[in-house]
Amino acid sequence: MEKAKLMQLEIEKKRKLPKKVKDSINANIFQILICAIIILSYLCAINITYYKTTNIKFEEYMKYYALGIILVTVFVFEFSYRKSSIKFMIIGIELLLCGILSLYIPYIYLHTTDSLRNSIMILPGILIFYYAIKAMFIFKQQEFKYQNSLSDVKEIVKDTENTSYIDEDSTKSFREKTIEAEEIRKAILRNQEIRKQKKQKRKGV
């Protein structure tokens, strides 16, 4: 009984995100920021080019810009396919949408109303808000996932306590207690393996 309570107390202490989990979250957010910087720099470069060049030159430069963003998009999609990464697939979709927008920007900037052109020009500001929300969402998602894994371990401890500590004899030998502790450890490992298999099946789908 006391061993189970000690394990539960230890789990409660670990609810604070460990360094390994924090590093993983920071790596994900860093990748998002890199993508955000690429897209925002791309859109800002388009706006600067529009104001600094003639209409003919602007249309010519936009062809190169569109080609560049398409090449980056293909690379990201290829990388996400090889790594089976949903995260990079989403980044690839964002870059793809940016590339599609590039095809229409020359027409929007040169042949439409000022209000529509200005709406596209302030897009970088809107994207800053979007990526800030996205980074916060990923942090909360990873935090919930970690704490939820601790809750699963607590349930295993409770189940093990109910089956292994009922009518416990206070005179149990050290060897018997060691065996029970080993059973708890194996139960935790089995649960982690089941979660890993379910995660792999979801990726396979």
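Helices (H or I, at least four residues) and strands (E, at least two) are DSSP runs, numbered from the N terminus.

**Figure 1. Overview of the protein chain.** This is a predicted model, in which local features need pLDDT of at least 70, side-chain atom pairs count only at pLDDT 80 or more, and totals for chains, interfaces and linings use all residues. Residues are numbered from 1 along each chain as its sequence is written, and side-chain values use heavy atoms, with hydrogens and water left out. The protein chain has seven helices and zero strands. From the N terminus on, its elements read α-α-α-α-α-α-α. Of the 205 residues, 31% are buried. Buried means under 20% relative accessible area, exposed means over 50%, and partly exposed lies in between (1.4 Å probe, protein chains only). Contact means heavy atoms within 4.5 Å. Among contacts between residues at least 6 apart in sequence, 72% join residues at least 24 apart.

**Figure 2. Helix H2 against helix H3.** Two packed helices are described by the angle between their axes and the distance between the axes. Axes are lines fitted to C-alpha atoms, for helices over the stretch in contact, and angles run from 0 to 180 degrees between N-to-C directions. H2 and H3 pack at about 170 degrees, with axes 10 Å apart. That makes H2 roughly antiparallel to H3. H2 brings Tyr42, Ala45, Ile46, Thr49 and Tyr50 to the contact. H3 brings Phe58, Tyr61, Met62, Tyr65, Ala66 and Ile69. By class, the contact of H2 with H3 has 10 nonpolar, one polar and no charged residues. Ala, Val, Leu, Ile, Met, Phe, Trp, Tyr, Cys and Pro count as nonpolar, Asp, Glu, Lys and Arg as charged, and the others, Gly among them, as polar.

**Figure 3. Helix H2 beside helix H4.** The axes of H2 and H4 come within 12 Å and cross at roughly 10 degrees. That makes H2 roughly parallel to H4. Angles under 35 degrees count as roughly parallel, over 145 as roughly antiparallel, 65 to 115 as roughly perpendicular and the rest as oblique. Residues of H2 in this contact include Asn28, Ile39 and Leu43. Among their partners in H4 are Lys87, Glu94 and Tyr109. The contact of H2 with H4 has 14 nonpolar, four polar and two charged residues.

**Figure 4. The second largest pocket.** A pocket is an open set of points on a 1 Å grid over the protein atoms alone, with protein on both sides within 12 Å along at least five of seven lines; lining residues have an atom within 4 Å of a point. The second largest pocket has a volume of about 200 Å³. A volume is the space filled by probe spheres set on the points, and grid points are joined across faces, edges and corners. H2 (19-52), H3 (55-83) and H4 (86-111) each supply at least two lining residues. The lining includes Gln31, Phe75 and Phe88. It divides into 10 nonpolar, one polar and no charged residues.

**Figure 5. Leucine 40 in helix H2.** Leucine 40 is buried, with a relative accessible area of 17%. It touches Pro124, Leu127 and Ile128, not counting residues up to four places away in sequence. Leucine 40 and proline 124 are 84 residues apart in sequence, yet 5.5 Å apart in space, C-alpha to C-alpha.

**Figure 6. Serine 84 in the loop between H3 and H4.** Serine 84 has a positive phi of about 50 degrees although it is not a glycine. At 47% relative accessibility, serine 84 counts as partly exposed.

Technical notes. On a 1 Å grid over the protein atoms alone, a cavity is a set of points where a 1.4 Å probe fits but cannot get out, and a pocket is an open set with protein on both sides within 12 Å along at least five of seven lines; lining residues have an atom within 4 Å of a point.
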